[in-house]
Amino acid sequence: MKLFGFGKKESAENSSPDFFASLPTDYDKAISGGLSKLKQKYPDFSDFEFCEKVSNILIRIFSSVEDKDYSPVKPYISDYIIGGIEKEIQYLKRENLTHRFDKLSVLNRSFSGCRISEEGDFAAADLTVRMTDYVIDGEGKIISGSKASEKFITYRVALSKNKKFSSYLKVREGAQNCPNCGAPVNINFSAVCEYCSSILYTDDFDWIIEKISVNDKKEVTR
């Protein structure tokens with residue numbers, strides 16, 4: 001049975017979300033240490049708000065795969081991750097499948113480190129996510145995963161500051177007008193104007209998710 005993402009094969013019992021294309025494994029290991037340098041450079045930085053935003057984006061990533069439309073999160077994820085999600089969505093559409101993520105929630109979140117350097121500014125958060133993860137066909141039949149198996153996965157999410165936003169249009173959070181054509185848009189629903197196709201992002205969070213890796217995983221069958 002195919003695992004959805006990268007054409008891997010895996011049993012239904014062991015299937016898990018695996019559509020995050022990754023940078024080299026040592027990418028996030030260099031992101032460590034306290035907040036002092038980050039707060040010196042960005043006095044308004046809040047690790048609590050940072051973790052809340054990252055949690056929201058991660059949940060929206062899973063929802064975008066289920067909806068087969070990643071436009072709501074495109075400004076906030078790297079091209080590496082976009083590539084993995086595109087493969088997942090293309091496969092699902094081609095096979096008339098839907099990847100479901102039920103009971104999806106972030107149980108715990110914590111700031112795990114940062115790095116200030118000439119190469120750029122980086123920060124990371126650890127998020128523990130609960131979900132049931134399964135795939136259904138066009139008739140609603142489960143072909144992989146299980147509704148009865150709850151997964152508790154701790155992700156390390158590594159982000160970079162101020163990348164790729166220069167070509168996007170800035171809007172405030174909530175229902176606004178597109179800065180390019182003036183059409184009404186809701187940045188919480190979609191990050192692309194449906195009238196002129198401009199890519200939009202909110203002005204209160206300009207970090208890009210570069211890598212998502214699994215730190216810990218547990219599975220409980222109810």
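At 51% relative accessibility, Ser36 is classed as exposed, because the class begins over 50%. The structure described here is a predicted model. Ser36 belongs to helix H1, which covers residues 36-41. Although Ser36 and Cys114 are 78 residues apart along the chain, their C-alpha atoms are separated by 9.5 Å.

Lys103, a residue of strand S1 (residues 98-117), has a relative accessibility of 45% and is therefore counted as partly exposed; this class lies between the limit of 20% for buried residues and that of 50% for exposed ones. The backbone of Lys103 shows a positive phi of about 55°, although the residue is not a glycine. A positive phi is also found at Lys68, again a residue other than glycine, with a value of about 60°. Lys68 is located in the loop that lies between helix H2 (47-67) and H3.

Helix H3 spans residues 79-95 and contains Glu88. Glu88 is buried but takes part in no salt bridge. The side chain of Glu88 does, however, form a polar contact with the side chain of His99, at 2.6 Å.

Conventions:
Residues are numbered from 1 along each chain as its sequence is written. This is a predicted model: local features need pLDDT of at least 70, side-chain atom pairs count only at pLDDT 80 or more; totals for chains, interfaces and linings use all residues. Side-chain values use heavy atoms; hydrogens and water are left out. Helices (H or I, at least four residues) and strands (E, at least two) are DSSP runs, numbered from the N terminus. Buried means under 20% relative accessible area, exposed over 50%, partly exposed in between (1.4 Å probe, protein chains only). Lys and Arg count as positive and Asp and Glu as negative; His and the chain ends are not counted. A salt bridge is a side-chain nitrogen of Lys or Arg within 4 Å of a carboxyl oxygen of Asp or Glu. A polar contact is a pair of N or O atoms within 3.5 Å; within protein, one must be able to donate a hydrogen and the other to accept it, and residues adjacent in sequence count only if both atoms are side-chain atoms.
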